Structures are given as structure tokens and as C-alpha cells.
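Here is a friendly walk through one protein model, with an eye on its charged side chains. Have the sequence and the 3D view open as you read.

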Amino acid sequence: MLSTILLAASLQFTSPVHIPITLAGNFGEPRPNHFHGGIDVRTERVEGMPVFSVAEGYVSRITIGDGYGNALYVRHPNGKTSVYAHMQNFVPVLRTIVSRWRREHGQEDVIDRPRRSSPRADIRLKPTDCPVATGQVIGTSGNTGSSQAPHLHLEIHHTSNWAMLDPLIYLHSYLKDTEAPIANAFKAYPVEGKGVFEGFPKPHTFSFTNNHLEREFTAWGKVGFGLWANDHMEECYQKYGIKRTVLKVDGQEVFSTDVDSIPWAMNRFVNDWGDYAHYRANHVWYMKSFVAPGNPLPILRTNESRGIVSFDEERLYLVEYTLTDAFGNTSDYSFRVLGKRQEIPLAEVADPRNTLYWDRMNNFQLPGLQLIVRPGLLADHMKLMPEVVCRDGALSDAYQLMPMSSPLVREALISIRVKQDVADTSLLAIDCDGRNLGGVYHDGWLTARTLDLGGVFSVVLREPQEGD
């Protein structure tokens with residue numbers, strides 16, 4: 001036991017490639033429905049580059065055929081597991097293991113090729129099957145799975161709870177970076193019915209023409225802020241996510257984040273921390289500097305007001321952002337806000353029957369539809385905008401709950417009444433704008449799970465598949 005503890009404490013990490021590491025993507029970048037869970041290591045736009053285990057341990061898992069393409073998992077004695085995705089091929093001992101597994105499961109013995117599907121494999125290995133040393137070759141880089149170009153996607157996780165860790169914590173010395181992050185613009189989010197910014201009760205964006213804006217803005221009441229910013233590295237034209245962000249008002253910290261470890265189960269909360277609706281419309285992420293009441297992401301830290309700023313005095317306020325990357329490069333941005341007493345429009349009175357609450361069980365109903373949204377599936381309250389379209393001769397009425405994509409943290413249950421008799425109810429499915437959600441039929445109703453409330457839901461008859 002003592003030798004294992006000493007080994008874990010002294011474990012050294014090395015580069016996964018034999019060339020200088022440059023990145024096509026860094027850890028924690030916001031993506032729709034998930035954070036980027038690792039780093040994308042460039043492989044000079046080619047496949048077949050040797051890939052090395054970043055530390056000693058053993059290959060604990062091989063997966064083939066999902067978004068990771070060909071992937072290896074190496075478990076290390078310090079409680080971490082490294083993951084190598086989009087690989088072209090594995091070393092012979094691992095290929096032999098894959099081949100044997102394929103035969104045992106009646107599958108063709110192939111390795112995924114870029115953008116070609118083959119039977120999925122998920123193979124678990126014992127510690128004695130394939131031990132590896134630090135820097136040992138485990139395969140070659142590729143472009144398999146959902147990869148858009150040849151590269152190595154590298155992740156590091158806590159083995160016990162699968163929390164995602166920034167690989168640069170361990171590989172910092174193998175990269176060079178002297179470029180500080182750059183902020184492009186900020187967004188003001190007046191709290192509905194409680195604040196205005198520049199006379200507007202709705203969110204607005206404002207560009208950073210330089211680091212310290214001379215212009216004075218006006219505000220009154222409660223306002224949150226968000227930031228559109230990117231990190232950069234020399235030798236690359238890539239834009240990266242920001243590691244550390246601090247927001248201060250009059251020298252007092254109201255919000256901060258350090259993107260170094262993200263619980264796997266909280267991936268979809270990225271849609272709330274980032275302005276998902278703005279991203280869908282403009283393909284730009286504004287990351288909010290305030291936190292919704294139902295967002296538990298531990299990397300977000302705020303004051304007692306959850307990062308919302310109160311402009312309740314007629315004076316100048318100094319708002320300052322400090323951005324820092326994984327290498328300590330720092331940039332500062334600031335602007336001044338004049339507290340100016342003014343009328344704040346009343347909030348629109350929400351119909352409680354059309355409101356989903358983040359902290360309670362929701363049972364929303366329309367004629368022929370039921371939606372169950374449990375507590376914890378939303379980061380904040382959501383106002384539904386329901387519409388029902390009656391269709392003569394259709395299998396069901398069609399229901400729009402939200403006019404645009406509105407993702408949930410976990411799945412809700414949606415049930416729709418079937419209006420026509422069907423010979424084979426196993427062929428029924430709930431469709432949402434071309435997404436087949438499947439469904440279970442019982443007593444005239446079809447029930448399915450959905451991760452998004454946007455779109456039009458209806459019951460359709462799917463084509464029979466082999467095995468039905």
C-alpha cells in the first residue's frame with residue numbers, strides 16, 4: 001500500500017506526441033450541451049502519428065464506433081484516467097484484444113474509418129491485459145468518429161467520479177504561450193422588472209474598442225453581465241475558451257470562475273452559464289458573470305447576489321474584468337456605469353399555468369398532451385409558449401412548447417394521445433422536427449423522453465426495422 005501511495009504522488013506525465021504540442025481546442029470550451037472535455041492536440045494534419053501514454057498504468061477500456069471513434073482509456077495509479085480519442089489504430093496487443101472481442105460477439109473485425117460506421121465495441125480490460133509505461137506507444141493518431149480533421153483528443157478524468165480535468169494541469173511544461181486572452185464585447189442582462197441598462201430593459205451587447213472604455217454607460221436597478229472573450233496562443237490562429245475570469249465592481253469581487261475541473265453529470269449546465277439562445281442565433285458564446293438559482297456548477301463562484309449588480313445609487317461605478325489563461329497571461333478590461341435614477345418597466349406577468357419551475361415538480365398539460373419536468377432539470381424558471389395544431393386524419397395533434405431549441409439538463413417525459421387506431425403500436429414514435437424520440441404505448445397514449453422542449457411534437461408511424 002505504501003509503495004502505491006508513493007508511486008501515485010511521484011507520477012510524472014509526458015507528452016502524448018513526439019512533436020511540440022499545439023492545440024486546436026482547449027479544456028472547458030463551451031459547446032452546445034457540453035463542455036469540451038479535453039484538449040485537441042494537432043498532428044500536423046496527418047494521420048498515423050505515434051501516440052504515447054502520458055503516464056504509466058494499464059489500458060482499462062477500448063471503445064470503437066461512437067463520437068470518439070477509436071478510443072483508448074489508460075488508468076493510472078494516482079487515481080486519474082487518460083483518454084485518447086479519434087485514433088487511427090492501436091498497437092498489436094490491443095488489436096488482438098479487439099479482434100478476439102469482435103469474434104466472440106459475432107462482429108466483423110474492422111477498425112472504424114473516418115466517417116464510416118461499423119459495429120460499436122466497448123471492451124473492458126483487466127490490469128494484467130495491457131500494462132503501459134510512461135511514454136509507451138499505444139497506437140496512432142487518426143480522424144475517426146466525429147472528428148472534423150486529423151488530431152488527437154486527450155482527456156484526463158478522476159477515475160472515481162469521472163470528473164473532467166484540464167490536461168494542461170499535467171502537461172503545462174510541454175506548451176508555450178505568451179498571448180493574453182482578448183475580450184470582444186460584454187452583454188448587459190437587466191433583471192426583468194428590476195433593472196435597465198442604457199435605458200433598455202432587455203439584454204444588449206457592447207463592443208470593447210479598447211481595454212478601458214472611455215464611454216460612460218447608465219443603469220438603474222439590478223443588472224447582470226456576460227462576456228464574449230477568447231484566448232489565443234502564438235503559432236496558432238485558433239480561438240480558445242477562457243480559463244479564469246474575475247468580475248469586480250468598485251474593487252469588490254462579484255463573480256469568478258476557474259475552469260479546471262467539471263463534474264461529468266453537469267455538462268449540460270453549459271447551456272445556462274453560456275447564453276445558449278445568443279449562440280444559436282449568432283454562433284458566439286457570451287458567458288454569464290452571474291448564476292441562475294438552479295445552476296450548481298462548482299466552477300462558478302459569486303457573492304450573495306449570485307453576481308447580479310445593484311445600481312441603486314446615483315454615482316459612478318467601476319466594472320472590471322480580469323482574464324487569465326492556463327499560463328498566467330492576464331488581460332484587464334473595464335468600463336464605467338453611472339447610476340441614474342429612472343423608471344423600470346414592469347415585468348410581464350407570467351401565466352403560472354405556462355411556467356416551468358426549476359425547483360419543483362412540473363406537470364404541464366394541454367388537451368392530448370402531458371409534460372413532466374422534475375426538479376433539477378432546469379437552471380431557472382422557463383416560460384412556455386404553447387401552441388396546438390389540430391390535424392385531421394393525423395395520428396395525433398401537433399404541439400409546440402417553445403419556438404426555438406430549449407435544452408434541459410436531463411430528460412423530461414412527454415406523453416401524447418394517439419387519435420387513430422394502429423395495427424402495430426410498436427411502430428409508433430414521437431417526432432420532433434425530424435428527431436425520432438421513440439416511445440412506449442399504453443392505453444391510447446405514447447410516452448417518450450426528450451432533452452429539448454423546442455420544436456413541434458407529434459406522433460408518427462415509423463418504418464419497420466429489421467428485427468421488429
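The sections below go from the overall picture to individual charged residues.

## The overall picture

What you see is a predicted model. The protein contains five helices and 36 strands, and its C-alpha trace spans about 70 × 65 × 45 Å along the principal axes.

Of the 468 residues, 50% count as buried. Among contacts with a separation of 6 or more, 67% are between residues 24 or more positions apart. The accessible surface is about 22400 Å², and carbon and sulfur atoms make up 51% of that area.

## Charges and how they pair

The protein carries 46 positive and 54 negative side chains.

Side chains of opposite charge can pair when their charged atoms come close. In this model the count of salt bridges comes to 20. Some of the residues involved are linked in a network: R61, D66, R120, D122 and R124.

## Two buried salt bridges

Start with K187 and D275, which form a salt bridge with their closest N and O atoms 2.9 Å apart. This pair joins distant parts of the chain, 88 residues apart: K187 sits in strand β14 (residues 182–197), while D275 is in the loop between α4 (270–273) and α5 (276–282). Both partners are buried.

Next come D258 and K243, whose salt bridge has its closest N and O atoms 3.4 Å apart. Here the partners are 15 residues apart, with D258 in strand β18 (residues 252–258) and K243 in the loop between β16 (212–230) and β17 (244–249). D258 and K243 are both buried as well.

## A salt bridge between two loops

R315 and D250 also form a salt bridge, and their closest N and O atoms are 2.9 Å apart. R315 lies in the loop between β22 (309–311) and β23 (316–324) and D250 in the loop between β17 and β18, so the pair ties together parts 65 residues apart in sequence.

How exposed are these two partners, R315 and D250? R315 is partly exposed, with a relative accessible area of 31%, and D250 is partly exposed too, at 35%.

## A look at E411

Finally, find E411 in strand β31 (residues 407–417). E411 has a relative accessible area of 35%, so it counts as partly exposed.

Which residues does E411 touch, leaving aside neighbours within four places in sequence? E411 is in contact with R374, L377, R449, T450 and L451. With L377, the C-alpha to C-alpha distance is 7.4 Å, although E411 and L377 are 34 residues apart in sequence.

How values were computed. Residues are numbered from 1 along each chain as its sequence is written. This is a predicted model: local features need pLDDT of at least 70, side-chain atom pairs count only at pLDDT 80 or more; totals for chains, interfaces and linings use all residues. Side-chain values use heavy atoms; hydrogens and water are left out. Helices (H or I, at least four residues) and strands (E, at least two) are DSSP runs, numbered from the N terminus. Buried means under 20% relative accessible area, exposed over 50%, partly exposed in between (1.4 Å probe, protein chains only). Contact means heavy atoms within 4.5 Å. Accessible areas come from the Shrake-Rupley method with a 1.4 Å probe; for residues, only the protein chains shown count as cover. Lys and Arg count as positive and Asp and Glu as negative; His and the chain ends are not counted. The place of a charge is taken as NZ of Lys, CZ of Arg, CG of Asp or CD of Glu. A salt bridge is a side-chain nitrogen of Lys or Arg within 4 Å of a carboxyl oxygen of Asp or Glu.
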